[in-house]
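Thanks for sending this one over.

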Amino acid sequence: MTNKTYGQLCPIARSLDVLGDRWTLLLIREFLLGPKRFKDLLAILNAMGPNRLSERLAMLVQNGVIQPVTLLTPAATPAYELTELGERLRTPVLALGFWGLGLPVDERIDPSSARAELIALCLTGANDPTASVGLQELYEFQVGPEVFHIRVSDGSLLARSGPCTEPVDVKIQCDMDTFIALVLRHITPTQALREGRAKLLHGDRPAFTRVFKVLEYKP
């Protein structure tokens with residue numbers, strides 16, 4: 001496979017040789033949330049089509065950004081995950097996502113494409129580490145039909161798609177509007193519980209409050 005190239009001996013140009021095509025960074029975005037199967041990626045990025053998706057995945061494998069892996073549950077299934085080289089994209093891609101949180105939304109944007117796990121993913125790259133220093137906790141979120149979880153580990157946060165396979169410290173259920181209002185601090189966790197906009201399925205109220213202190217959006 002021959003990749004397009006800018007032909008420049010420049011680190012930025014070389015990065016764009018690998019990542020600059022349309023859809024490629026969105027694939028990286030999905031892999032930042034954990035391993036993904038081909039059909040998962042096609043369902044999320046259906047406008048790519050299977051042929052283009054296959055080409056992009058092959059290119060990323062060829063360049064050492066992702067690698068094939070077998071998911072063991074619910075049944076052995078081929079998938080892809082970031083390599084160590086690919087994982088090094090986490091900081092710059094999340095910085096780009098956090099920058100994008102401040103951009104206006106116009107009529108070209110489909111509101112139904114919003115996903116709480118992507119908002120949470122971007123916030124994990126811009127959180128205040130002092131808010132979670134010393135914490136070792138797992139948070140699971142049910143936001144509408146979405147389920148995802150966040151691991152807090154002494155100042156660092158890691159978001160993952162799907163339910164957590166380990167016991168969690170806090171499990172929260174709410175809709176998208178409430179989730180956004182909580183991370184933007186438009187409402188407090190106490191207010192969300194009192195008004196019935198959020199449910200605490202597991203954990204105590206201080207822990208629920210702590211979740212949104214850790215995830216607080218600070219432009």
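1. Let's start with the record. The unreviewed UniProt entry lists residues 10–108 as "domain: HTH hxlR-type". In the model, which is a predicted one, that span is 53% helix and 12% strand, and its end C-alpha atoms lie 34 Å apart.

2. Next, the overall layout. The protein divides into domain 1, covering 11–103, and domain 2, covering 114–215. Their C-alpha centres are 24 Å apart. Where the two meet, domain 1 contributes 12 residues to the contact and domain 2 contributes 13 residues.

3. How much area do domain 1 and domain 2 bury between them? The figure is about 1100 Å², with 69% of it on carbon and sulfur atoms. On the domain 1 side, please look at L33, L94 and F98: this trio supplies 51% of the area that domain 1 buries against domain 2, more than any other three residues.

4. Now for the polar side of this interface. Across it, 4 residue pairs are in polar contact, counting pairs with both residues at pLDDT 80 or more. Two elements, α2 (24–31) and α6 (90–100), each give two or more residues to the side of domain 1 that touches domain 2. Of these, α6 gives the most, with 4 residues. By residue class, that side of domain 1 has 6 nonpolar, 2 polar and 4 charged residues.

5. Salt bridges deserve a point of their own. The structure holds 13 salt bridges, and the count between domain 1 and domain 2 is 1. R115 forms a salt bridge with E30, and the closest N and O atoms of that pair are 2.8 Å apart.

6. Another salt bridge to find on your screen joins D128 and K218, with the closest N and O atoms 3.9 Å apart.

7. Finally, a look at K199, which is part of strand β7 (residues 198–202). Which residues does K199 contact, leaving aside its neighbours within four places in sequence? They are K171, I172, Q173 and L193.

Key: Residues are numbered from 1 along each chain as its sequence is written. This is a predicted model: local features need pLDDT of at least 70, side-chain atom pairs count only at pLDDT 80 or more; totals for chains, interfaces and linings use all residues. Side-chain values use heavy atoms; hydrogens and water are left out. Domain bounds come from an automatic or database domain assignment. Contact means heavy atoms within 4.5 Å. Buried area is the accessible area (1.4 Å probe) that two parts lose on being put together, summed over both. A salt bridge is a side-chain nitrogen of Lys or Arg within 4 Å of a carboxyl oxygen of Asp or Glu. A polar contact is a pair of N or O atoms within 3.5 Å; within protein, one must be able to donate a hydrogen and the other to accept it, and residues adjacent in sequence count only if both atoms are side-chain atoms. Ala, Val, Leu, Ile, Met, Phe, Trp, Tyr, Cys and Pro count as nonpolar, Asp, Glu, Lys and Arg as charged, and the others, Gly among them, as polar. UniProt positions are given in the numbering used here, feature names are shortened, and annotations may be inferred rather than shown by experiment.
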